[in-house]
Amino acid sequence: MERLGAPFGSDIDRSESVSFRFEGAQVSGYRGDTIASALLANGVTTLSRSFKYHRPRGVLSMCGQDSNTLVQIGQQPNRLADRVAIEAGLDVTAQNYWGSLENDRLAHLRHFSRFMPVGFYYKAFYKPRWAWPLWAKLIRRIAGLGTVDLNTPHGYYDKQYLFSDVTVIGAGPAGMAAALRAAQAGAKVLLVDENAEIGGALAYARFDGAGELAEATHAELAAKIAAEDRIRVMTDTMCTGWYADNWLSLVKGNRLYKLRAGALVVATGCYEQPLIFHNNDLPGIMLGSAAQRLIRLYGVKPGNRAVVATANRDGYGAALDLLDAGIEVACVVDVRADPPEDDMSAALMRRHVPIVAGATLREAVPTSGGGGVRAVKIARLEGAEKAARRYDSFACDMIAMAGCYAPAAALLHQAGGRVSLADDSGAFSVHDLPAQLAAAGSVAGTNMLENVLGDGVAAGRRAADEAGFSVAATSEPPRVAEADASAWPIIGHSRGKDFVDFDEDLQVHDIENALAEGYRHIQLLKRFTTNGMGPSQGRHATLPAIRLAARRTGARLDETGSTTSRPPIGPLTMGHLAGRSFEPVRYTAMHFRHLERGARMMPAGAWMRPEYYGEARAREENIAAEAMNVRDNVGIIDVSTLGGLEVRGPDAGEFLNRMYTFAYLKQPVGRARYVLMTDAAGVIVDDGVACRLHDDHFYVTATTSGVDGVYRTMLWYNAQWRLKVDVTHVSASYAGANIAGPNCREVVQKLCDDVDLSPEAFPYMGVRRGHVAGIPALFLRVGFVGELGYELHVPASQGEALWDALMEAGADAGIRPFGVEAQRLLRLEKGHIIISQDTDGLTTPHEADMAWAISRKKPYYVGMRSVSIQEAGGLTRKLVGFEISDSDAPRPKECHLVIRGGAITGRVTSITRSPTLGKVIGLAYVAPDQAEPGTEFEIKIDGGAMVRAKTVKLPFYDADGARQEM
Amino acid sequence: MTLAPKDRTRRSFLYRELESAGAVFDELNGAAAAMSYGADAEAEAAQARSLGLCDLSALPRTGFKGWNMSAWLKAQGAEMSEASNIVTPQADGTRIARLAPGEALLLGNYRGHGPLIEKADSAWSMQEADGCFQVPRAETNFWLALSGSHVPALFAKICAVDLRPESFATHSVAQTNVARLNAIIIRADTGEVPQFDLLSDIASAVYLWRALLDAMAEFGGKPVGLAALQELN
């Protein structure tokens with residue numbers, strides 16, 4: 001492991017070695033290395049294989065902006081080797097090869113590339129249709145990326161909100177200057193950068209011939225930021241998207257941050273572009289900035305003899321850095337015919353590096369085996385897009401490319417901004433940005449450091465001002481002339497492999513052929529070729545595609561347009577999106593008592609309720625036994641989940657009269673009355689009971705899952721009616737227990753001395769206040785299960801104590817709790833419906849045989865007009881009770897259809913085997929003429945068999961109600 | 001021997017969580033309140049200054065709402081902000097959070113006192129309601145205190161409202177959503193240690209308690225007893 005000495009390697013700690021595995025072999029690096037830098041330091045230049053032709057690929061950008069470095073780390077596919085820091089024990093493997101990374105058996109696919117043009121699979125495999133799944137499987141095997149382990153354990157991901165007066169995305173020179181200026185104005189600033197350290201290009205690039213300006217500027221800005229309390233720096237943090245009102249998503253580690261930025265400065269820099277020539281993807285060919293990163297940040301020599309190809313001044317800086325690192329520079333090839341003389345070129349000339357102006361690279365010559373480069377062929381340019389046939393050859397083992405730049409403008413695009421590209425140079429500009437958003441630095445087309453810093457200061461001042469921090473006007477520093485930059489030539493090679501899109505192995509002729517086929521619109525071109533649709537999202541591929549399209553169509557670059565940038569900008573895992581799972585669950589006061597008793601819990605809305613108690617394997621027996629204990633003795637059920645609403649005020653009776661179908665104005669205090677709610681369309685939406693506790697006070701129950709909707713509906717109507725009434729939602733405020741069965745009165749009597757429980761003093765549907773075991777309680781004599789029963793509502797904090805007292809008092813009598821399933825069985829025997837089980841989104845009171853619950857003596861209730869119209873129009877179905885007499889017949893299930901003559905006339909809504917009656921009973925919708933008791937009909941069950949059922953009169957049990965009214 | 005929560009009929013919905021965390025209980029307002037989690041009071045006070053979670057379910061609280069709420073409460077001697085989402089401290093230590101023009105929440109102090117609460121609850125009846133109606137806040141909402149310098153960072157993980165001290169002043173009220181639950185958050189501190197009251201659905205107490213402890217873990221947050229909270233105030 002050979003490294004350059006300090007000051008090279010600013011990001012690594014040479015005192016700490018770190019070992020990991022790559023392709024099964026042990027590799028050592030230093031703390032601070034990325035996987036890619038450590039591998040290159042150990043002479044490993046091939047990191048993966050390409051998507052389509054399985055070509056060996058190495059470092060391209062060295063900053064996670066390309067797909068060449070995608071590797072598998074343990075169970076995590078598609079991690080960026082030039083982003084992920086090494087850790088001891090990492091198990092890293094390359095992706096997308098068959099055999100070994102060095103000897104990929106699918107590498108021979110390159111010989112068949114002429115038979116695999118863009119879109120070949122659209123055209124080749126679409127018929128016969130049955131064959132496509134086979135092809136798809138094969139193609140996916142050949143052209144895959146990482147491997148997903150479906151058994152990967154859940155990781156811990158979460159989310160966090162952030163707030164700032166001013167946010168700066170990108171901590172390069174422009175971002176740092178902006179942050180400092182905004183903070184000086186008094187704003188709290190969040191400075192975000194995706195790298196481990198702030199500084200951006202100042203950390204690795206060269207801005208002057210002497211190579212001193214970047215380091216000095218970096219140190220000065222970093223020190224000022226460290227000393228500024230108002231600036232919070234978040235490194236290793238990727239901003240993945242811009243949303244309305246400067247809402248930004250940030251990812252750091254396993255956390256997704258949701259940032260509300262007051263004002264925003266985007267200083268995200270730009271992407272250096274590769275040049276396009278034959279074999280421009282060989283390992284050893286990289287961006288100039290990648291070579292500089294390897295040298296400056298990691299102390300890694302990217303080669304021994306380099307050729308630098310450039311379209312601007314920055315290639316000269318890269319060449320000087322290569323020289324400083326002891327790398328021989330064979331020549332600098334400048335596509336500009338007449339490059340300006342400046343401090344960079346002067347420094348190069350002083351070091352006797354030949355500069356070949358007005359030329360471009362035509363071909364890289366691979367080493368045997370194709371895993372590297374051994375020479376490059378250079379040709380003179382003859383015009384903007386034509387090269388001479390004659391070439392010169394230079395031996396080298398690396399090529400540094402410094403094409404023009406594409407702005408890292410995804411955030412600006414998402415905010416509505418536009419980028420204008422100059423046709424005759426590599427320049428660009430941004431415009432149409434919304435308020436409270438500024439772009440600064442090279443993302444806005446500025447490259448000279450003086451101008452970049454000036455841009456940053458101006459953007460920071462403006463952002464602070466927009467965030468409400470008054471800023472004194474200051475004179476802005478004078479601007480210097482921007483450096484000359486050229487739009488590098490795109491000249492296809494007769495033998496192809498001149499890659500435009502490294503992700504998808506797209507070559508110049510692939511783009512040109514698609515254009516020739518008519519895919520001229522940039523969006524169509526993208527979709528047909530998949531150019532820019534790979535992991536690097538067109539950072540290096542979109543700009544050449546735009547230029548190729550413009551060349552073909554004769555349009556200007558601006559007219560050609562660009563593709564749409566959508567979040568996420570960078571890789572984002574499902575774990576980040578999901579975050580930590582917040583799934584609120586509501587427990588009643590007695591919840592843990594149910595668990596202690598062996599209850600099988602089931603969800604009821606957000607609540608958990610006991611389905612039944614006991615072993616799951618004896619489910620049916622347990623439910624039947626619980627039900628029979630209610631019929632024969634005494635049972636208790638937790639009804640705390642029932643909805644509860646306090647309706648209070650002088651107009652409470654009038655309010656209920658309008659909200660529900662029944663009449664409530666004359667309901668006596670101390671009595672409960674059934675409530676049935678319909679919506680404006682006359683559809684049943686909820687039911688319960690209204691207990692009149694005072695002339696101006698009703699305590700109204702509602703269904704567990706319906707109460708929130710009922711509450712909202714009540715508030716909505718009362719906002720219009722403006723009655724003198726207040727509605728308070730108290731569902732969770734009261735715990736409830738329903739104790740039922742012929743022996744329940746004796747149990748309650750043991751605990752109550754202030755309510756006369758005799759049937760004369762406290763009849764069915766009576767309501768009383770008193771105490772149970774010293775706990776204040778509301779007593780309701782209601783009978784959902786059809787037996788003598790008391791529903792006791794007590795303050796929630798005392799619900800467990802109530803339960804304990806009742807269980808203890810009933811122990812001698814053999815009290816046992818019953819669950820939701822036993823309750824459903826018992827109520828079915830009584831023919832009581834459950835809203836939303838026996839009704840649906842269309843059920844009317846008459847269909848459900850609930851006309852008895854409609855008052856015809858009052859002028860109005862919600863849904864009255866609709867119900868009247870439905871009644872006049874006649875029924876199309878009716879809910880009836882039925883029984884299945886054949887004890888050997890298979891039992892239908894809920895939602896099985898009632899069929900007559902091949903037509904559907906209804907469906908089963910509830911069905912069970914009644915232990916009390918010894919037969920299968922249920923509720924079903926049937927045709928009106930099937931509703932007459934005694935009528936037989938057929939139910940189609942699973943598998944298509946028909947089961948005969950017979951309509952019977954409801955209820956099935958205790959028709960005169962004697963048991964519940966005893 | 002410590003008092004056992006189940007020895008009282010009023011029980012915090014969290015008492016099993018508190019027991020399993022090692023709480024030592026004492027009687028407060030007829031219920032068992034978790035006063036501490038061990039013998040080291042100084043360490044627990046330090047925990048409360050860093051990040052502590054305290055169950056206040058035993059403390060007095062009530063609510064009133066209706067079109068005549070303000071006048072009725074003022075007749076009981078209450079002082080109240082005209083603006084919503086502001087807490088007005090009362091002379092007796094009770095705090096009144098105005099949740100809406102027609103709704104108020106009354107909270108006792110951390111020593112379990114709330115004379116105005118007792119007075120208002122006793123005075124109220126349906127006969128005398130007159131457009132102001134009692135809300136059983138002690139049964140509707142469980143009540144937690146979160147204290148310590150890390151609380152704003154903790155809230156940032158579970159709540160979308162900006163609760164940084166510079167943005168959310170003492171006596172501010174936020175009626176918002178915490179870990180997907182409706183909640184009332186009140187900035188309660190008057191000193192150097194940030195402190196917030198959190199009231200939410202009583203039936204979801206166990207869920208939120210566990211969610212908070214999970215979110216607190218990265219800051220070293222732990223349950224603290226009422227004694228540590230009293231020490232802060």
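**Exercise 1. What share of the residues in chain B is buried?**

Step 1: Start with the cut-offs: a residue is buried under 20% relative accessible area, exposed over 50%, and partly exposed in between, using a 1.4 Å probe and protein chains only.
Step 2: By that rule, buried residues make up 62% of the 233 residues in chain B.
Step 3: Keep in mind what you are looking at: this is a predicted model, in which local features need pLDDT of at least 70 and side-chain atom pairs count only at pLDDT 80 or more, while totals for chains, interfaces and linings use all residues. Residues are numbered from 1 along each chain as its sequence is written, chains are lettered from A and ligands numbered from 1 in the order in which they are written, and side-chain values use heavy atoms, with hydrogens and water left out.

**Exercise 2. How compact is chain B for its length?**

Step 1: Take the radius of gyration over C-alpha atoms, and compare it with the globule rule, which is 2.2 Å times the number of residues to the power 0.38.
Step 2: For chain B the radius is 17 Å, close to the 17 Å that the rule gives for 233 residues, so chain B is as compact as a globular protein of that length.

**Exercise 3. In what order do the five strands of the open sheet in chain B stand?**

Step 1: Know the terms. Helices (H or I, at least four residues) and strands (E, at least two) are DSSP runs, numbered from the N terminus. Two strands pair if DSSP finds at least two bridges between them.
Step 2: Recall a general point: strands of a sheet pair through backbone hydrogen bonds, either parallel or antiparallel.
Step 3: In chain B the order is β5-β6-β7-β4-β8, with antiparallel pairing.
Step 4: Find the edges. In chain B, β5 (86-89) and β8 (133-135) each have a single partner strand, so one side of each is left without a neighbour in the sheet. From one strand to the next, the twist averages 25°.
Step 5: Zoom in on one pair: β6 (residues 95-100) and β7 (residues 103-107) of chain B run antiparallel and are joined by five bridges. Ile96(B) has Leu106(B) as its bridge partner in β7(B).
Step 6: Contact means heavy atoms within 4.5 Å. Helix α4 (residues 115-123) of chain B packs on the sheet and touches β4 (61-65), β6, β7 and β8 of chain B. Its direction makes about 50° with that of β4(B), where axes are lines fitted to C-alpha atoms, for helices over the stretch in contact, and angles run from 0 to 180 degrees between N-to-C directions.

**Exercise 4. Which strands stand at the edges of the six-stranded sheet in chain A?**

Step 1: Write down the order, β38-β39-β40-β37-β31-β41 (chain A), an open sheet with mixed pairing.
Step 2: The edges are β38 (767-772) and β41 (816-817) of chain A; each has a single partner strand, so one side of each lacks a neighbour in the sheet.
Step 3: Check a parallel pair: two bridges join β31 (residues 635-638) of chain A to β41(A). There, Ile636(A) is partnered with Pro817(A).

**Exercise 5. Are His54(A) and Asp130(B) buried or exposed?**

Step 1: His54(A) lies in the loop between β3 (48-49) and β4 (56-57) of chain A, and Asp130(B) in the loop between α4 and β8 of chain B.
Step 2: Note the backbone: phi is near 55° for His54(A), a positive value in a residue other than glycine. Asp130(B) also has phi near 55°.
Step 3: Apply the cut-offs from Exercise 1. His54(A), at 1% relative accessibility, counts as buried, whereas Asp130(B), at 56%, counts as exposed.

**Exercise 6. Which residues does Gln230(B) touch?**

Step 1: Locate Gln230(B) in helix α8 (residues 226-232) of chain B.
Step 2: Gln230(B) is buried, with a relative accessible area of 15%.
Step 3: Not counting residues up to four places away in sequence, Gln230(B) touches Met35(B), Tyr110(B) and Arg111(B).
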